[in-house]
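Colleague: Could you zoom in on how the helices pack in this one and walk me through it? I'd like the angles, the contacts and whatever else turns up along the way.

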Amino acid sequence: MSSSLSHGAFPEDYREARERFRDAASAAGLDLSTHPIPSAGPNGEGLSIDVAARRVPGAERALVLTSGVHGVEGPLGSAVQIAMLRDPGLLEASRPLTLALVHAVNPYGFAWSRRWNEDNIDLNRSFFADGAARPEVPELYRRLTPWLNPETPPRRPDLFPLEMLYLVGRHGFTRLKKALPIGQYEHPKALFYGGVAPTASQRALAEILPAAVGEARSIIHLDYHTGLGRRGDYKLLMGAEADPEELTALRRRFGPDRIEAAADRSTDTATSYPARGLLDLWAPSLFPGRSYRVLTAEFGTSPAIQVFRALRAENRAHHWGRPDTDHAWAKAALREAFIPRDPAWRDAVLRRGLQIVRQAAA
């Protein structure tokens, strides 16, 4: 038997991930619920957000784990959730907590190897209150749209690395990071589109989270992502501000170098950037008067230019490419950019992903 923790743990596709998750949840004795999303997978299969929950009467604390908000990144969060469900010791350690594992928040993206959902929406740019106005498109995004979102099929090879280096030299990496990926609300087929109304996934979460958390007063919500930071390493990103006491407590629990606070995300050295429409800004609004903290567990994969290149190519292939030639290679490149097949990477991130769960449940 392989000594690698990740051996066989990462699902090949959404269908396998969903089956494994539901089987593991049933075997662990958790309550299962299914929340269909009105779209279909590549083989015509129905898509859904699935929830495994364990309500503990009178519990003051709750732990929530979400996977697949950015669909193609889903296999990591799914692997962590399934590994937790299969670990009797970890389930026992979390026994005092109300527990909610929310699988495949964006099942369409998971199934079709896309970051975006069935309406080309980046879910983690789309979480706003009903009726809330959407922010203006950053001026630099607008100026670079013809290059960023060309209405032509992707090419192999292309000049993207050289073009990106030119733009970094002209505008600076920090300025590009704070303008291009933060969310735009005008161009439905363009990168990082956040939509103009709540998505089906957001409406489902608005029901799922309160029902799963119950009366718990203190909730930690771990949301698993990949694609930013040093390969195989991770940061816990905070979109919402925290008072000094809470920040100190979080750094004591998870490690002083692991937490990237909201104020840190505006600095030149930050792993992330201050985006709009984030899950971690919206979810706490469902729990007024309670402590609800979302930590985005962000695991590094490849250099930022490579990840950005893969996103741009897949989006071009999806909208303007030839299904018989462009789709397969563009989606394969995207999967490799976000979920590398390297066994060492998979083993490292799964171990660290479970370590975060243990720290949260302590």
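Helix packing and its surroundings

Modeller: Start with helix H2 (residues 74–85) and helix H13 (residues 343–361): their axes are 9 Å apart and the angle between them is about 60 degrees. Axes here are lines fitted to C-alpha atoms, for helices over the stretch in contact, with angles from 0 to 180 degrees between N-to-C directions. H2 and H13 are therefore oblique to each other (under 35 degrees is roughly parallel, over 145 roughly antiparallel, 65 to 115 roughly perpendicular, the rest oblique). Keep in mind that this is a predicted model, with local features needing pLDDT of at least 70 and side-chain atom pairs pLDDT 80 or more, while totals for chains, interfaces and linings use all residues. Residues are numbered from 1 along each chain as its sequence is written, and side-chain values use heavy atoms, without hydrogens or water.

Ala79 sits in H2, and with 1% relative accessibility Ala79 counts as buried (under 20%; exposed is over 50%, partly exposed in between, 1.4 Å probe, protein chains only).

H2 has another partner. Helix H1 (residues 14–28) crosses H2 at roughly 25 degrees, and the two axes come within 9 Å. That makes H1 roughly parallel to H2.

H1 also carries some charge pairing. Arg20 makes a salt bridge to Glu16, with 2.7 Å between the closest N and O atoms (the cut-off is a Lys or Arg side-chain nitrogen within 4 Å of an Asp or Glu carboxyl oxygen). Both residues belong to H1 and are 4 residues apart, about one turn of the helix. Arg20 is partly exposed at 22% relative accessibility, and Glu16 is partly exposed at 22% as well. Arg18, Arg22 and Asp50 are joined in a salt-bridge network. Over the whole structure, the search turns up 22 salt bridges.

Now for another pair, helix H11 (residues 304–320) and helix H12 (residues 326–338). Their axes come within 9 Å and cross at roughly 150 degrees. That makes H11 roughly antiparallel to H12. A salt bridge runs between Lys331 and Glu314, the closest N and O atoms being 3.0 Å apart. Lys331 is in H12 and Glu314 in H11, so this pair ties together parts that are 17 residues apart in sequence. Lys331 and Glu314 are both buried.

Ala104 has a positive phi of about 65 degrees without being a glycine. You'll find Ala104 in the loop between strand S4 (98–103) and helix H4 (107–112), buried with a relative accessible area of 0%. Asn120 also has a positive phi of about 65 degrees and isn't a glycine either; this residue is in the loop between H4 and H5, and Asn120 is buried at 5%. Finally, the peptide bond from Arg156 to Pro157 is cis, with omega near -15 degrees, and Pro157 lies in the loop between helix H5 (139–148) and H6. Helices (H or I, at least four residues) and strands (E, at least two) are DSSP runs, numbered from the N terminus.
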